[in-house]
Amino acid sequence: MKTTNKSFSVLTVLLMFALITMANNSVSAKSFGDTTKTKKMEMKHGMHHHMGMKMDMKGNKMTDTTGIIHEGVIDLKVIDANKDGKVFQDQMHWNVISDKAGKCPLCKMTLKEVTLKEAKTNLKKNDFKVKQ
């Protein structure tokens, strides 16, 4: 009877160890190695953050369909079409800039009116390139 209890205890401990190890491996796979799940999550995340962008079948950005999502070196003077020294900028997606009031096509936040100097500062602080 004592041997059975010891065997049962050892088996229980081994089973618990195996379950914990499997759970940890599952978390590790999600975090570091399970590229299928990671890519699916990136695709969903990427699609969310690129609304307003035309996408090809692989999910790559092609063109900005709204005209206010800027990439590369951003020329604020060109964006300021009415030459009033102000633009409207998203406070979450700093490269979303328009000369007209509106909403960000990525997050739907209302664009905030800022001076060209403020917009330039915001862009530089967030590692965007701005034409001098």
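Because the model is predicted, local features need pLDDT of at least 70 and side-chain atom pairs count only at pLDDT 80 or more, whereas totals for chains, interfaces and linings use all residues. Residues are numbered from 1 along each chain as its sequence is written, and side-chain values use heavy atoms, with hydrogens and water left out.

Confidence is expressed as pLDDT, the predictor's confidence in each residue, from 0 to 100. The protein chain has a mean pLDDT of 77, with 64% of its residues at 70 or more. Confidence is highest in strand 6 (residues 112-115), at a mean of 98, and lowest in helix 2 (residues 35-49), at 43. Two segments stay under 50 in pLDDT: for residues 28-32 the model has four contacts (heavy atoms within 4.5 Å) beyond four places in sequence, and for residues 34-51 it has 15 such contacts.

The protein chain contains four helices and seven strands. Both kinds of element are DSSP runs, numbered from the N terminus: helices are H or I with at least four residues, and strands are E with at least two. Read from the N terminus, their order is α-α-β-β-β-α-β-β-β-α-β. Of the contacts between residues at least 6 apart in sequence, 42% join residues at least 24 apart.

An open sheet is formed by three strands in the order 5-4-6, with antiparallel pairing. Strand 5 (97-98) and strand 6 each have a single partner strand and stand at the edges, so one side of each is left without a neighbour in the sheet. Two strands count as paired if DSSP finds at least two bridges between them. Strand 4 (residues 86-89) pairs with strand 5 over two bridges in the antiparallel sense; Phe88 has Ser98 in strand 5 as its bridge partner.

The chain has 132 residues, of which 23% are buried (under 20% relative accessible area; exposed is over 50%, partly exposed in between; 1.4 Å probe, protein chains only). Its accessible surface, from the Shrake-Rupley method with a 1.4 Å probe, comes to about 9900 Å², and 63% of this belongs to carbon and sulfur atoms.

On that surface, Leu15, Leu19 and Met22 make a nonpolar patch of about 330 Å². Such a patch joins nonpolar side chains (Val, Leu, Ile, Met, Phe, Trp, Tyr) within 5 Å, from residues with over 30% relative accessible area and no salt bridge, the latter being a side-chain nitrogen of Lys or Arg within 4 Å of a carboxyl oxygen of Asp or Glu. Leu15 lies in helix 1 (residues 2-33) and counts as exposed because its relative accessibility is 53%.

Conventions: Patch = residues over 30% accessible without salt bridge, like charges linked within 9 Å, V, L, I, M, F, W, Y side chains within 5 Å.
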